[in-house]
Each structure stands twice: as C-alpha cells, then as structure tokens.
Amino acid sequence: QVLEEHYREGQEPCEEDLAWLENLAQRYKVVKADGELDLNDNFFEKIFLRVDTIPVSMALGQMAYESGYATSRFAAEGNALFGQWCWGEDGMIPENRREDRGDYRIADFPSLIDSIKAYAMNINTHAAYRNFRLARAEQRQEENDDLDVSSLVNTLEFYSEKRQEYVETLQGIIDHNKLTMFDRAKLSTGRPVVLVKD
C-alpha cells in the first residue's frame with residue numbers, strides 16, 4: 001500500500017521496490033513471467049484483488065473436507081491437504097478416477113506447508129475463484145475488521161464438482177467446529193502451548 005501511495009503522489013519507486021513488485025506481480029499472475037510492469041490504477045486494482053489473506057476458518061474447513069481431516073491417502077502419502085488436481089505424470093492417481101475427466105491426478109507436495117502455499121496461490125489466482133476475490137475486496141472496502149466467512153464460502157461452488165452441496169457441507173464443517181474463532185489467531189514467537197490430556 002505504501003508503493004501505491006507513492007504512485008498516487010507521482011513518486012517513482014526505487015529499483016529495489018520495482019523488482020520486488022515485479023516479482024510479486026508475476027507470482028500472482030497479474031503480469032506474465034516475461035511481461036512488462038506497467039504501474040497504473042488497473043495494475044494496483046488487480047494486485048490488491050489477489051494479494052490478500054484467506055480466512056483461517058475457510059482454509060481449515062476446506063482442508064478437513066478435502067483430506068478427510070488429514071487422514072486420506074493423499075494427505076498421508078503426498079501431503080495433499082486440499083485435493084488440488086494436476087495433469088501429466090506428476091501427482092497421485094485417484095483409485096476411482098473418472099475417465100471422462102481426462103488424465104488428472106491429485107497434486108502431491110514435498111511438505112504440508114507446500115500444500116498450503118499452493119492452495120493459497122490457487123484461491124488467489126485461479127479464474128474459478130474470481131467471485132471469492134471480488135467478494136473479499138468488497139468487504140475490504142467496507143473496512144470491516146473481520147471478513148464475513150459465510151458469504152465468502154458461498155462463492156466457492158466451483159471448488160468441487162458437487163457445487164452447492166460442497167458449499168453447504170463446508171459451511172457445516174466451519175459452523176460445527178466453530179472454526180471462525182481461529183480467524184483472529186496470530187502466530188507468535190513466544191513459547192509454544194503444549195496441550196495435555198487429563
């Protein structure tokens with residue numbers, strides 16, 4: 001946002017800031033890998049639409065749904081928490097793969113954090129989730145401290161072939177487990193909390 005303010009004030013970004021912004025824009029597919037960075041109102045609108053947080057409760061709910069609460073074969077063998085599809089020779093072949101969908105596989109990852117990063121990038125860049133990003137941006141403009149997770153989840157019908165049934169099930173997982181209490185959680189550098197059984 002500082003760079004946007006500088007742009008609106010007519011200040012040119014330094015070479016280091018420009019390189020950082022270009023890298024960010026390429027990662028979030030705002031410009032192509034070999035594309036030229038053009039700082040204008042449209043560019044900042046696009047990048048703010050994509051570079052934003054995903055509610056923790058939504059991510060936890062989707063992880064629980066897609067990985068069978070982290071018990072699925074894909075989670076256990078491939079660190080695949082979010083059921084993301086891929087094509088080609090990489091990935092894990094589903095046992096009951098539908099042939100009419102082509103040679104798709106479930107993307108696997110070296111670590112759980114890689115799965116989470118891929119999920120976040122998928123939600124923030126794929127055309128299927130544009131409605132999610134638009135709804136999130138609209139809520140940001142209203143300057144509410146908290147995002148309305150329920151309305152955002154309603155935009156995820158294209159995450160699954162089950163469409164509206166998926167949305168309703170996801171809402172149920174979030175509500176039943178009271179996952180929205182994690183939306184304000186922050187990572188700390190302090191001592192970890194250890195939970196023990198009574």
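This is a predicted model: local features need pLDDT of at least 70, side-chain atom pairs count only at pLDDT 80 or more; totals for chains, interfaces and linings use all residues.
## The crossing of α4 and α9

Helix α4, which spans residues 56–67, and helix α9, which spans residues 164–176, have axes that come within 9 Å and cross at roughly 115 degrees. That angle makes α4 roughly perpendicular to α9, and α4 passes α9 in a right-handed crossing.

On the α4 side the contact is made by S57, M58, G61, Q62, A64, Y65 and E66, which meet Y166, T169, L170, I173 and I174 of α9. The residues of this contact divide into 7 nonpolar, 4 polar and 1 charged.

## Aromatic pairs

Across the whole structure, a search finds 8 aromatic pairs. One of them is formed by F82 and Y119, whose rings are stacked at 4.0 Å centre to centre with 10 degrees between the planes. This pair links distant parts of the chain, since F82 lies in the loop between α5 (73–78) and β1 (85–87) whereas Y119 belongs to helix α6 (residues 112–125), 37 residues apart. F82 has a relative accessible area of 4% and is therefore buried, and Y119, at 2% relative accessibility, counts as buried too.

Another stacked pair is that of Y159 and Y166, with 5.8 Å centre to centre and 15 degrees between the planes. Both Y159 and Y166 are buried.

## The tyrosine cluster

Ring pairs link Y65, Y129, Y159 and Y166 into a cluster.

Methods:
Residues are numbered from 1 along each chain as its sequence is written. Side-chain values use heavy atoms; hydrogens and water are left out. Axes are lines fitted to C-alpha atoms, for helices over the stretch in contact, and angles run from 0 to 180 degrees between N-to-C directions. Helices (H or I, at least four residues) and strands (E, at least two) are DSSP runs, numbered from the N terminus. Angles under 35 degrees count as roughly parallel, over 145 as roughly antiparallel, 65 to 115 as roughly perpendicular and the rest as oblique. A crossing is left-handed if the near helix is turned anticlockwise from the far one by less than a right angle, and right-handed if clockwise. Contact means heavy atoms within 4.5 Å. Ala, Val, Leu, Ile, Met, Phe, Trp, Tyr, Cys and Pro count as nonpolar, Asp, Glu, Lys and Arg as charged, and the others, Gly among them, as polar. Rings of Phe, Tyr and Trp (its six-membered ring) pair if their centres lie within 6.5 Å; planes under 30 degrees apart count as stacked, over 60 as edge-to-face and the rest as tilted. Buried means under 20% relative accessible area, exposed over 50%, partly exposed in between (1.4 Å probe, protein chains only).
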